[in-house]
Amino acid sequence: MRQRRSIPRLIGSLLLAAAAGVGCGEAAAAGTHGKTAAPRAAAEPEVRPLGRIVPVPASVTPGGEPYALTSATRIGVDTRSAEAKAVGGYLAGLLRPATGFPLPVVDEQAARGGIRLRLSAGDTALGDEGYRLRSGPDGITLTARRPAGLFHGVQTLRQQLPSAVERKSVQQGPWKVAGGTITDTPRYAHRGAMLDVARHFFTVDEVKRYIDQLALYKVNTLHLHLSDDQGWRIAVDSWPRLATYGGSTEVGGGPGGFYTKEEYQEIVRYAASRYQEVVPEIDVPGHTNAALASYPELNCDGVAPPLYTGTKVGFSSLCVPKAVTYDFVDDVIREIAALTPGRYLHIGGDEAHSTSHADYVAFMDRVQPVVAKYGKTVIGWHQLTGTTPAPGALVQYWGTDRTSAEEKERVAAAARGGTGLILSPADRTYLDMKYTKETKLGLSWAGYVEVRRSYDWDPAAYLPGAPASAVKGVEAPLWTETLATTDDLDVMAFPRLPGVAELGWSPAATHDWDTYKVRLAEQAPRFEALGIDWYRSPEVPWPAE
């Protein structure tokens with residue numbers, strides 16, 4: 001049975017916030033991070049201008065009178081489609097608590113004057129994730145080619161409503177959606193967020209909470225960093241001590257924990273219900289102290305090192321010449337691949353400073369085919385380009401402005417050769433980087449990353465020499481050396497995560513800091529309603545009382 005960590009809660013602050021009628025984000029910020037709570041946001045407009053959301057839609061044509069939800073509103077779906085029914089139920093579940101309306105989910109034909117969710121397989125221009133939202137006084141029609149598009153369209157509808165719709169108790173209306181049409185498709189197919197559960201362990205419910213936050217901003221990939229020097233977080237039947245012993249600690253010496261196979265599958269299913277594909281990462285050959293401590297035979301000298309609770313990197317390595325190393329890798333990949341319906345398996349490959357280059361190349365040449373053997377496609381950190389990436393592999397670039405031209409060119413050359421890129425530049429997208437030197441959480445090895453810096457760059461033009469067509473998307477990693485609670489995750493992810501999500505979704509032509517910062521500021525009441533703590537960046541014109 002896995003160990004569970006008790007997360008400190010700011011009960012007093014939350015109750016005080018609830019009594020005052022404000023979101024718990026402000027109370028948590030003052031209580032946890034020593035910041036003066038921002039004043040409560042001014043009253044929102046009765047009708048939010050169409051398309052003034054995050055991520056900004058590709059095409060917005062405002063016009064006509066708004067639609068108003070009432071107690072008579074019905075949500076219509078094609079009841080022959082289980083996926084459409086599920087999205088309709090999800091929408092109803094979002095809207096019922098705050099509106100107090102019953103919002104029955106019915107057959108589309110019975111939802112006249114309500115909200116209709118329509119699948120149209122012939123609407124090829126919408127692709128697999130796009131949608132069209134038409135709003136007027138006679139109802140709302142949300143059309144998509146695939147269920148994922150309906151789900152993303154629901155997030156847009158949700159953001160067009162007043163932020164109080166996110167609260168869990170009945171709120172004052174009206175509940176109006178501006179009239180007009182939004183037609184929206186994503187710029188990139190991969191719009192990811194990585195959560196490091198190895199440095200500090202997070203429970204299934206805590207991961208689900210993050211999944212729900214990602215869904216609001218149309219993120220479609222959850223990358224779980226499941227193993228590192230400080231902890232191994234998933235059960236492997238053929239090597240049970242990986243979890244029971246290797247998972248028994250975390251940074252700072254806490255109790256750690258791990259996911260049983262059933263719990264991991266619960267996360268995968270929940271992510272799928274939010275149209276997110278889970279990419280599991282087992283980081284090899286470095287970042288492996290938890291595994292080495294669990295099984296002496298994985299070490300070249302046959303001696304297990306002690307468990308590790310610090311934050312230093314680059315000191316551990318699997319023993320590349322040993323045959324047992326590849327038995328281990330094969331077993332782990334086989335078992336995790338069997339639990340993961342998604343296309344990818346991430347094999348890490350970064351900071352293998354204790355592995356010689358020759359051994360690193362030999363190791364990756366043997367391990368990449370194992371991933372294919374079990375039906376998955378390789379993703380690796382960009383150090384994988386020091387070898388020969390497997391056909392179809394993606395490399396995740398995490399360099400900075402200071403990364404050497406030689407290293408950047410090596411990655412660009414791989415991209416020119418057909419290897420796809422996921423861009424996660426650490427000095428732009430690493431959500432654990434401090435905002436400023438005063439930030440109490442996080443690290444600063446990549447520099448300070450304020451909100452504008454995390455948003456104001458173009459993925460297509462970022463890496464010199466890499467063709468824009470090689471860029472498959474962006475991902476925002478959240479490493480947890482210094483983050484132990486969901487409040488910690490919140491204040492480092494928000495408000496930077498929405499900006500990275502917009503880079504992944506919205507057309508390059510819409511990219512503009514001056515307009516984005518206004519739309520971001522308008523998310524503040526929504527953060528509060530959702531109980532999300534966030535950093536009050538002075539670069540953003542947050543609403544005042």
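Which side chain meets that of Asp128 in a salt bridge, and at what N to O distance? I put this first in my notebook, and I keep in mind throughout that the model is a predicted one.

**Entry 1, salt bridges**

I looked up Asp128 and found its side chain in a salt bridge with that of Arg145, at 3.3 Å from N to O. The two residues come from distant parts of the chain, 17 residues apart, with Asp128 in the loop between β5 (115-119) and β6 (131-136) and Arg145 in the loop between β7 (139-144) and α4 (147-160). I noted Asp128 as partly exposed, because its relative accessibility is 49%, and exposed would require over 50%. For the structure as a whole I recorded 31 salt bridges.

Next I turned to Glu166 and Arg526, whose side chains form a salt bridge at 2.8 Å, again from N to O. This pair links parts of the chain that are 360 residues apart, since Glu166 sits in the loop between α4 and β8 (175-177), whereas Arg526 belongs to helix α17 (residues 524-530). Are these two residues buried or exposed? I found both Glu166 and Arg526 to be buried.

In what order do the seven strands of the open sheet follow one another? I read the order as β1-β9-β6-β7-β5-β3-β4, and the pairing is mixed. The edges are formed by β1 (59-62) and β4 (105-107), each of which pairs on one side only. From one strand to the next, the twist averages 15 degrees.

As a reference point I marked Arg118, which stands opposite Thr143 in β7. I then followed helix α3 (residues 82-99), which lies across β3 (75-77), β4 and β5, and whose direction makes an angle of about 170 degrees with β3.

How many disulfides does the structure have? My count came to one disulfide. It is formed by Cys300 and Cys319, with the sulfur atoms 2.0 Å apart. About the S-S bond I noted 100 degrees, and the link of Cys300 and Cys319 is right-handed. Both cysteines lie in the loop between α8 (289-294) and α9 (323-339), and they are 19 residues apart.

Cys300 is exposed because its relative accessible area is 55%, and the cut-off for exposed is over 50%. Cys319, by contrast, has a relative accessible area of 4% and is therefore buried.

Notes: Residues numbered from 1 in each chain as written. Predicted model: local features only at pLDDT ≥ 70, side-chain atom pairs only at ≥ 80, totals over all residues. Heavy atoms only, no water. Salt bridge = Lys/Arg side-chain N within 4 Å of Asp/Glu carboxyl O. Helix = DSSP H or I, 4+ residues; strand = E, 2+ residues; numbered from the N terminus. Buried < 20%, exposed > 50% of the residue type's maximum accessible area, 1.4 Å probe, protein only. Pairing = 2+ DSSP bridges. Axes fitted to C-alpha atoms, helices over the stretch in contact; angles between N-to-C directions. Contact = heavy atoms within 4.5 Å. Disulfide = S-S within 2.5 Å.
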